[in-house]
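Here is a short briefing on a single protein chain. Overall fold comes first, then one residue.

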Amino acid sequence: MSLTVTDRRIYGVSSFGRRVDFPISAVTSVSASGKRDITLLTPSGKVLFGNFENTDELFQAISKMLVEQQG
């Protein structure tokens, strides 16, 4: 699995081998499940990314961008 977060987009390969590439504006919520998994909710559905050592860092970065986007 891989996940790349920029100031405008999130892209990578999900836990099920699904390639994703969407703008940060398409993400409606983010959650950290367990110690190593990140789940993103988009209008297209839920996308699970797993087995990361820096889950907290990814969660914090994406959460911050979502808050900034909302106002």
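How many helices and strands does the protein chain have? It has one helix and six strands. Helices (H or I, at least four residues) and strands (E, at least two) are DSSP runs, numbered from the N terminus. This is a predicted model: local features need pLDDT of at least 70, side-chain atom pairs count only at pLDDT 80 or more, and totals for chains, interfaces and linings use all residues. Residues are numbered from 1 along each chain as its sequence is written, and side-chain values use heavy atoms, leaving out hydrogens and water.

**Fold and dimensions**
- From the N terminus, the element order is β-β-β-β-β-β-α.
- The radius of gyration is 11 Å, close to the 11 Å that the globule rule gives for 71 residues, so the chain is as compact as a globular protein of that length. The radius is taken over C-alpha atoms; the rule is 2.2 Å times the number of residues to the power 0.38.
- The C-alpha trace spans about 30 × 25 × 20 Å along its principal axes.

**Burial**
- Of the 71 residues, 32% count as buried (under 20% relative accessible area, 1.4 Å probe, protein chains only).

**Threonine 55**
- Threonine 55 lies in helix H1, residues 55–70.
- Threonine 55 counts as buried because its relative accessibility is 2%.
- A polar atom of the threonine 55 side chain lies 3.4 Å from the backbone oxygen of arginine 36.
- Beyond its neighbours within four places in sequence, threonine 55 is in contact (heavy atoms within 4.5 Å) with Ala32, Lys35, Arg36, Asp37 and Ile38.

Methods. Buried < 20%, exposed > 50% of the residue type's maximum accessible area, 1.4 Å probe, protein only. Polar contact = N/O pair within 3.5 Å; in protein donor to acceptor, adjacent residues only side chain to side chain.
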